[in-house]
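Subject: Structure handover

Hi,

Here is the structure I promised to pass on. Please look it over first; my notes follow below.

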Amino acid sequence: MAGGIGARFWPMSTSAHPKQFIDILGTGETLIQQTYNRFLKVCPAENIYVVTNEKYRDLVKEQLPDMEDYQILGEPTMRNTAPCIAYANYKILNKNKNARIVVAPSDHIILKEDVFVKVVNEALDVVANNDWLMTIGIKPNRPDTGYGYIQYDEAVNVHVIKDINKVKTFTEKPNLELAKSFIDSGDFLWNAGIFIWSLKSIQNAFEQYLPDVNSLFAAGIEKYNTDQENNFIKETYAKCKNISIDYGVMENAQNVYVYAADLGWSDLGTWGSLFENKSKNNDNNAVSGKNVMTYNTKNCIINVPKNKLVVAQGLDGYIIAEQDHSLLICKKEDEQMIRNIVNDIKVEKGESFT
């Protein structure tokens, strides 16, 4: 899934060039390139599909030149993850009704790729023999308010793999007090937004829990992988509601299971998560930029162009980020405001800055 705009990473991530197409960690690969290469260890290249906004199609082809046109699914407008998955389901159904599917965001960091490949392959084996909707849960190491949480039932272990349990509840981003109670309870995991299921199981779930969305995409069953597909998808998305797979299916289904894993995972959803994943200097500053000078400044993330001279004095716990014609200076603890700030900029200054 590669259609988001990464508004919380503004100004580095913009609607014209969102974070999945950026080498955020300076590794030499963008996030979507890392994700693509990771999945080459799981399945053949011809079985990888990217669902993205139609306007990012050229960016996908530029960064993943080995992908064929049929593998890039262009969404005419953003409708959240359930329609995105429904579109891919019918695209795949047209090719292989017995498919097993992994759904993953394109912009996450996974440092323990060998563990990831092992977990995904084991989960694929499990869903081949069980009518389960599986998700990967990350073992938490802090009460983070930026992630969703999955509570599992320790009494319902499937005895197939010891780290797979039945899901009890999903909770969206909690406040700090609630997040702390989740960690203390010991039966909560971070929701990584990675799903594994058989095509048959997820199709059954759509028919039961999102029949209106399912019927829209089912109406074009003969048009997928033909020259009629694009027009059909434009018409379908115009009618389709905006709904996430979590809210529409996972929170309602009774056959949901979670595989608890330690993948070295981060969704890199915020500047704070990037700060956690970058190396720091002696003052605990994470600095990107060759001409940055700091005085009595600590615990900051500074991300500026290489040719820009930036001097920071007397700051503690700030985000300083510049890209093109935009500069952000914001307390790290207030970074959840950035999405609202971007919305205000669109209204007051126009979309050219976002």
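Rings of Phe, Tyr and Trp (its six-membered ring) count as a pair if their centres lie within 6.5 Å; planes under 30 degrees apart are stacked, over 60 edge-to-face, and the rest tilted. Ring pairs of this kind join Tyr 87, Tyr 90, Phe 217, Tyr 224, Phe 232 and Tyr 237 into a cluster.

Ground rules: this is a predicted model, where local features need pLDDT of at least 70, side-chain atom pairs count only at pLDDT 80 or more, and totals for chains, interfaces and linings use all residues. Residues are numbered from 1 along each chain as its sequence is written, and side-chain values use heavy atoms, with hydrogens and water left out.

Aromatic pairs

The structure holds 17 aromatic pairs. The ring centres of Tyr 49 and Tyr 70 are 6.2 Å apart and the planes stand at 75 degrees, so this pair is edge-to-face. Tyr 49 sits in the loop between H1 and S1, and Tyr 70 in the loop between helix H2 (57-63) and strand S2 (72-75), 21 residues apart. Helices (H or I, at least four residues) and strands (E, at least two) are DSSP runs, numbered from the N terminus.

Tyr 49 is partly exposed at 21% relative accessibility. Tyr 70 is partly exposed at 30%. The scale: buried is under 20% relative accessible area, exposed over 50%, partly exposed in between (1.4 Å probe, protein chains only).

Phe 217 and Tyr 237 are also edge-to-face, at 5.7 Å centre to centre and 90 degrees between the planes. Phe 217 lies in helix H7 and Tyr 237 in helix H8 (residues 229-239), so the pair ties together parts 20 residues apart in sequence. Phe 217 is buried at 0% relative accessibility. Tyr 237 is buried, also at 0%.

Helices

The 17 residues of helix H4 (residues 113-129) should span 24 Å, and the end C-alpha atoms are 25 Å apart, which agrees. The expected span is 1.5 Å times one less than the number of residues. Buried residues in H4 include Phe 116, Val 120 and Leu 124.

In helix H6 (residues 199-209), the buried residues are Leu 199, Ser 201, Ile 202, Gln 203, Ala 205 and Phe 206. They pack against elements including helix H3 (81-93), strand S5 (133-138) and helix H9 (245-250). Contact means heavy atoms within 4.5 Å.

Pockets and cavities

On a 1 Å grid over the protein atoms alone, a cavity is a set of points where a 1.4 Å probe fits but cannot get out; a pocket is an open set with protein on both sides within 12 Å along at least five of seven lines; lining residues have an atom within 4 Å of a point. A volume is the space filled by probe spheres set on the points.

The largest pocket holds about 1200 Å³. It has 42 lining residues, with Arg 8, Asn 80, Thr 81, His 108 and Arg 339 nearest its centre. The lining divides into 15 nonpolar, 16 polar and 11 charged. Here Ala, Val, Leu, Ile, Met, Phe, Trp, Tyr, Cys and Pro are nonpolar, Asp, Glu, Lys and Arg charged, and the others, Gly among them, polar.

The second largest pocket has a volume of about 810 Å³. Its lining has 24 nonpolar, six polar and three charged residues. H3 gives the most to this lining, with five residues.

There are two cavities of 30 Å³ or more. Helix H1 (residues 31-39) gives the most to its lining, with three residues.

Best wishes
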